[in-house]
Amino acid sequence: MLCQRHEAHKALIVVSDGAPVDDITLLHNGPSYLERHLRATIRAIEQGHEIHIAALGVGFAVDRYYALSETAKRLEDLPVAFNALISKLKLVVCLVFSPLFDFRSWSKVYGLRRAYRCAHGLQSL
């Protein structure tokens, strides 16, 4: 399991094409059962503070479930959306795991001007 690994930074990226649906499960447990279960699972992972969770929706916006997300409207948009999601995830990991914003590291990755603007809240990644 991911939580048993010893790396300092762990991330779970979910790729989804829609809301959770299974007709038999919904028939026996009610119409909101799977959505409630998904939200509870996401909340449990986020509250553990060991794993960062992010999601990429394909043809479906997943931001109502995941705080850190991107959407690719078409399959052709997947690489751009995935890169945007990874950029957001890197920023979150840096801010959460570092006692101070590591300006030098971010300037190497994103360029001096962009790192400066991010550090001062003038631009988001």
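## Helix H2

At 1.5 Å a residue, the 16 residues of helix H2 (residues 33-48) should span 22 Å, and the end C-alpha atoms of H2 are 23 Å apart, which agrees with that expectation. These values come from a predicted model.

Within H2, the residues Leu34, Leu38 and Ile42 are buried. They cover an arc of only 70 degrees around the axis, which puts them on the same side of H2. The buried residues of this helix pack against helix H1 (23-29) and strand E2 (52-58).

## The chain as a whole

The chain contains five helices and three strands, and, read along the sequence, these follow the pattern β-α-α-β-β-α-α-α. Of its 125 residues, 28% count as buried, while the chain exposes about 8600 Å², of which carbon and sulfur atoms supply 57%.

Among contacts between residues at least 6 apart in sequence, 43% join residues that are at least 24 apart.

## Salt bridges

Side chains of opposite charge can pair when their charged atoms come close. The structure holds five salt bridges. In one of them, Lys88 pairs with Glu70, with the closest N and O atoms 2.6 Å apart. Lys88 lies in helix H3 (residues 78-97) and Glu70 in strand E3 (residues 69-72), so the pair ties together parts that are 18 residues apart in sequence. Lys88 counts as partly exposed, because its relative accessibility is 24%.

Another salt bridge joins the side chains of Arg74 and Glu76 (3.9 Å, N to O), and Arg74, Glu76 and Asp77 are linked in a network of salt bridges. At 49% relative accessibility Arg74 counts as partly exposed, whereas Glu76, at 58%, counts as exposed.

Key: Residues are numbered from 1 along each chain as its sequence is written. This is a predicted model: local features need pLDDT of at least 70, side-chain atom pairs count only at pLDDT 80 or more; totals for chains, interfaces and linings use all residues. Side-chain values use heavy atoms; hydrogens and water are left out. Helices (H or I, at least four residues) and strands (E, at least two) are DSSP runs, numbered from the N terminus. The expected span of a helix is 1.5 Å times one less than its number of residues. Buried means under 20% relative accessible area, exposed over 50%, partly exposed in between (1.4 Å probe, protein chains only). The arc is that of the directions from the helix axis to the C-beta atoms. Contact means heavy atoms within 4.5 Å. Accessible areas come from the Shrake-Rupley method with a 1.4 Å probe; for residues, only the protein chains shown count as cover. A salt bridge is a side-chain nitrogen of Lys or Arg within 4 Å of a carboxyl oxygen of Asp or Glu.
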